[in-house]
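Please have a look at it before I start.

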Amino acid sequence: MAAPQRLTDRKRVAIVDAAIAEFRDHGFDATSMDRIAASAAVSKRTVYNHFPSKDELFAEILQRMWESSVSQPAVPYVADQPLRPQVLALVEQKMELLCDPTFIDLARVIFGETIHSPERAQAMVARLNEKETGLNIWIRAAQQDGRIKAGETLEVAHLLMSPLKTFAFWPQITMGEPLLGPARQREVAELAVDIFLCYYGVAKQTA
């Protein structure tokens, strides 16, 4: 994403970045608009001009996470190609997102606040779950081609991504563990693919 050119847009980005850092380090309730303004190196009035309340700032952070999660290019289903490389490409794409420090910072803020105030994030979480992702599209195409077992698409996608979240998301969010290195990322990605295909993969029928 290109850096914003207008001063007002740069200030807005700085405010959101500051809010993410302050919410992450101090929590939503303990963070004041004064603290955010100081961290962003702008006036308190500038903060309020962009975001009339902390709730609106939090909504902007949710929007950023949503945009990050859907911005990756789709991996097309290719009927005449082996499944494993295709599924691995899907998983590696998700792993790249989960190992992005900015995304993890966003997630820490959002999930931390969701635990304390679920109503703040309910609408956005519902929006995330309803979004037609590239992964869902790929799974549906493979199911229609008879190469992946039938099943509710969202549940199938969750099973594929569960090992990634077990090793590369929840420990980092809840325990502050470091992001996975490249070798461990590959190991976890291949584990997720093998588990998924062992259960959901359908062998091609031979004449």
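One term comes up throughout: a residue is buried under 20% relative accessible area, exposed over 50%, and partly exposed in between, using a 1.4 Å probe and protein chains only. By that rule Y199 is partly exposed, because its relative accessible area is 48%.

This is a predicted model, where local features need pLDDT of at least 70, side-chain atom pairs count only at pLDDT 80 or more, and totals for chains, interfaces and linings use all residues. Residues are numbered from 1 along each chain as its sequence is written, and side-chain values use heavy atoms, leaving out hydrogens and water.

Now the rings. Rings of Phe, Tyr and Trp (its six-membered ring) pair if their centres lie within 6.5 Å; planes under 30 degrees apart are stacked, over 60 edge-to-face, and the rest tilted. The whole structure has eight aromatic pairs. One of them joins F111 and W170, edge-to-face, at 5.3 Å between centres and 75° between planes. F111 is in helix α6 and W170 in helix α10, so this pair ties together parts 59 residues apart in sequence. Helices here are DSSP runs (H or I, at least four residues), numbered from the N terminus. F111 is partly exposed at 28% relative accessibility, and W170 is partly exposed at 37%.

Back to Y199, which lies in helix α11. Its ring and that of Y200 have centres 4.8 Å apart and planes at 85°, so they are edge-to-face. Y200 is buried, at 11%.

What sits over the ring of Y199? The charged end of K149, 4.4 Å from the ring centre. The rule is NZ of Lys or CZ of Arg within 6 Å of the centre and within 35 degrees of the ring normal.

Definitions and conventions. Helices (H or I, at least four residues) and strands (E, at least two) are DSSP runs, numbered from the N terminus.
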